[in-house]
Amino acid sequence: MTMITVQEQHLPGGSLEEKFGNALAWGFGGIELRSAGNLQFQARLPELRRARAAGVVMPTACVDMAHFIGAFDDELRKDAVVQLKSQLSVMAEIGGRGVMTPASYGMFSKRLPPFVPPRTDEEDTAVLVEALTALGEHAASEGVEIYLEPLNRYEDHMINTLADGVQLLKLVGQDAVRLAPDTYHMNIEESDPAAALQDAAAFIGHIQASDSNRLEPGAGNVDWALFGATLKSIGYAGTVALESRLSGPAEDVLPRVPSLLGRYL
């Protein structure tokens, strides 16, 4: 059965235990953590261990870093791999499923000047395969997964569609490397979101949900009935995490999301 989760920054409360209490009261099944770089996520282990012991469900983490595995700078790219390996180990220790990352975020767009990136497409692919191979091996050794999130063309120039992600994952060839579709980015990039999900079904490990305008589901024009029917058709039983901006106060907005998505999932 699909679990609907919500990112931790949206939940009121002074601790993860309090946040989880609010998440449950509003119909969510768990919390998606934000995993900061500079080993800050690892430094949270005492807090995360306490939360797990108290029954807080934390299946996934979404990276919150300044640079990523597709960085143009070699040292930044290597550091992103170091950070993600640490984050994967943390998630393994607290019983989570995995960590998600884009290839890059806000680094370059072929749709904006200067239009031509400093690496060729082949060079982009090579650095991503190298990083994801190392991360997939580490994730497998820890019993967790690394999730690659395709971003829209204005936020990343490398992996924009689910098909792009599938093509890359086939080159990587690691079972612990999976895709994390995000409905906001899919709304921009996929001409047929349902078909894209069906075609990538064997590679999907986690999903993030937000509406067409980056607000919470129900605040835009994504077809959530079709989304739910598609996930059922491919037998998806993973997590769906709310990653969005909110159109109003959390206590007003968040309770609507599980009831909307739960209607179709």
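**Note on the sheet and its helices**

1. Start with Leu 88, which is found in helix H4 (residues 74-93). Helices (H or I, at least four residues) and strands (E, at least two) are DSSP runs, numbered from the N terminus. This is a predicted model: local features need pLDDT of at least 70, side-chain atom pairs count only at pLDDT 80 or more, and totals for chains, interfaces and linings use all residues. Residues are numbered from 1 along each chain as its sequence is written, and side-chain values use heavy atoms, with hydrogens and water left out.

2. Is Leu 88 buried or exposed? Leu 88 has a relative accessible area of 0%, so it is buried. (Buried means under 20% relative accessible area, exposed over 50%, partly exposed in between, with a 1.4 Å probe and protein chains only.) Beyond its neighbours within four places in sequence, Leu 88 is in contact with Val 99, Leu 135, His 138, Ala 139, Val 144, Glu 145 and Ile 146. Contact means heavy atoms within 4.5 Å.

3. Next, the helix pair. The axes of H4 and helix H5 (residues 121-142) come within 10 Å and cross at roughly 20 degrees. That makes H4 roughly parallel to H5. Axes are lines fitted to C-alpha atoms, for helices over the stretch in contact, and angles run from 0 to 180 degrees between N-to-C directions. Angles under 35 degrees count as roughly parallel, over 145 as roughly antiparallel, 65 to 115 as roughly perpendicular and the rest as oblique.

4. Which residues of H4 and H5 meet? From H4 come Arg 77, Val 81, Leu 84, Lys 85, Leu 88, Ser 89 and Ala 92. They meet Val 127, Ala 131, Ala 134, Leu 135, His 138, Ala 139 and Glu 142 in H5. The residues of this contact of H4 with H5 divide into nine nonpolar, two polar and three charged. (Ala, Val, Leu, Ile, Met, Phe, Trp, Tyr, Cys and Pro count as nonpolar, Asp, Glu, Lys and Arg as charged, and the others, Gly among them, as polar.)

5. Now the sheet. Eight strands form an open sheet in the order E6-E5-E4-E3-E2-E1-E8-E7, with parallel pairing. The edge strands, E6 (177-179) and E7 (207-209), each pair on one side only. Two strands pair if DSSP finds at least two bridges between them. From one strand to the next, the twist averages 35 degrees.

6. Two pairings in detail. Strand E5 (residues 145-148) pairs with E6 in the parallel sense over three bridges. There, Leu 148 has Leu 179 in E6 as its bridge partner. E3 and E4 also pair in the parallel sense, over three bridges. Thr 60 stands opposite Gly 98 in E4.

7. Helices lie across these strands. H4 lies across E2 (30-36), E3 (60-64), E4 (98-101) and E5, and runs at about 150 degrees to E4. H5 lies across E5 and E6, at about 145 degrees to E5. Both faces of E4 are covered: Gly 98 and Met 100 on one side, Val 99 and Thr 101 on the other, are all buried.

8. Leu 168 is found in helix H6 (residues 162-172). With a relative accessible area of 3%, Leu 168 is buried. Leu 168 touches Thr 125, Leu 128, Val 129, Leu 132, Leu 148 and Ile 159, not counting residues up to four places away in sequence.

9. Check the backbone too. The peptide bond from Pro 113 to Pro 114 is cis, with omega near 10 degrees. Pro 114 lies in the loop between E4 and H5. Leu 39 is not a glycine, yet has a positive phi of about 60 degrees.
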